[in-house]
Amino acid sequence: MPIVPLFAAILALLFFALSVRTLRLRHRLKIGLGDAGNSEMLRAVRVHSNFAEYVPLTLLLLFFAESLGAPAWAMLGLCSLLLLGRCSHAYGVSQPRENYNFRIAGMAMTFAALLASAAYVFWAYGLSLLG
C-alpha cells in the first residue's frame with residue numbers, strides 16, 4: 001500500500017489547522033489583509049505561507065519517488081521527516097520569543113525530504129537511461 005497518500009492526508013489536516021488558526025487570529029485582531037504590523041499575525045501568516053510554499057512540491061516529489069520504486073522504508077522515513085519538519089517549523093516560528101533551533105531544524109528536515117526525493121527521481125531516471 002502506498003505511503004505518500006497517508007502522509008498527504010495528515011499534512012492536509014495540519015494545513016487546515018494552520019489555516020483555521022490564521023483565520024481566527026484575523027477575526028480576533030480584525031485584520032482583513034496582510035499583518036497590519038502585528039507580530040502575532042505576521043508569525044501566523046508566515047507559518048501558513050511557508051507550509052504552502054514547501055509542502056506541495058515536496059509531496060509531489062515524494063509521490064514520484066514512490067511511484068518510481070523507492071523502498072517503503074525510505075518513503076516512510078522521508079514522509080515522517082517532512083511531517084516532523086513542518087511541525088517543528090510551525091512551532092518555532094509561532095513562538096513570540098522564538099527559539100531558532102525549531103525553525104532551523106524544521107527547514108533542515110523539510111529540505112532533506114525535498115532534496116532526497118528529488119535525488120531519487122534523478123537516480124531512477126538515470127538508471128532507466130542506462131539500462
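User: Is Lys30 buried or exposed?
Analyst: In this predicted model, Lys30 has a relative accessible area of 72%.

User: Where does Lys30 lie?
Analyst: Lys30 follows α1 and has a positive phi, near 55 degrees. That's a positive value in a residue other than glycine. As for its place, Lys30 sits in the loop between α1 and α2.

User: Ala36 has a positive phi too, so which value is it near?
Analyst: Ala36 is also found in the loop between α1 and α2. With a relative accessible area of 64%, Ala36 is exposed. Ala36 isn't glycine, yet its phi is positive, near 55 degrees.

User: How far apart are the end C-alpha atoms of helix α1?
Analyst: Helix α1 covers residues 4–29, which is 26 residues. At 1.5 Å a residue, α1 should span 38 Å. The model agrees with that, because the end C-alpha atoms of α1 are apart by 37 Å.

User: Which helices do the buried residues of α1 pack against?
Analyst: The buried residues of α1 include Val4, Phe7, Leu11, Leu14 and Leu18. Also among them are Ser19, Thr22 and Arg26. These buried residues pack against α2 and α3.

User: Which residues touch the most other members of the largest nonpolar core?
Analyst: In soluble globular proteins, nonpolar side chains tend to be buried together. Here, the largest nonpolar core has 24 residues. The ones touching the most other members are Leu11, Leu59, Leu62 and Met75.

User: Which helix gives the most to this core?
Analyst: α1, α2, α3 and α4 each supply at least two residues of the core. The top contribution is seven residues, and it comes from α3.

User: Apart from this core lies another; how many residues does it have?
Analyst: This other core includes Leu25, Ile31, Ala44 and Val45. Its size comes to five residues.

User: Back to Met75: what is Met75 in contact with, leaving aside its neighbours within four places in sequence?
Analyst: Met75 is one of the residues that touch the most other members of the largest nonpolar core. Once those sequence neighbours are set aside, its contacts are Ile3, Val4, Leu62, Ala65, Glu66 and Ala70.

User: Which helix gives the largest share of the nonpolar patch?
Analyst: The surface patch is formed by Leu57, Leu60, Phe63, Phe64, Leu68 and Tyr125, with about 570 Å² of accessible area together. Tyr125 lies in helix α4 (residues 100–130). The largest share is four residues, and they come from helix α2 (residues 39–67).

Key
Residues are numbered from 1 along each chain as its sequence is written. This is a predicted model: local features need pLDDT of at least 70, side-chain atom pairs count only at pLDDT 80 or more; totals for chains, interfaces and linings use all residues. Side-chain values use heavy atoms; hydrogens and water are left out. Patches are made of residues with over 30% relative accessible area and no salt bridge: like charges are joined within 9 Å, nonpolar side chains (Val, Leu, Ile, Met, Phe, Trp, Tyr) within 5 Å. Accessible areas come from the Shrake-Rupley method with a 1.4 Å probe; for residues, only the protein chains shown count as cover. A salt bridge is a side-chain nitrogen of Lys or Arg within 4 Å of a carboxyl oxygen of Asp or Glu. The expected span of a helix is 1.5 Å times one less than its number of residues. Buried means under 20% relative accessible area, exposed over 50%, partly exposed in between (1.4 Å probe, protein chains only). Contact means heavy atoms within 4.5 Å. A nonpolar core is a set of buried Ala, Val, Leu, Ile, Met, Phe, Trp, Tyr and Cys residues joined through side-chain atoms within 4.5 Å.
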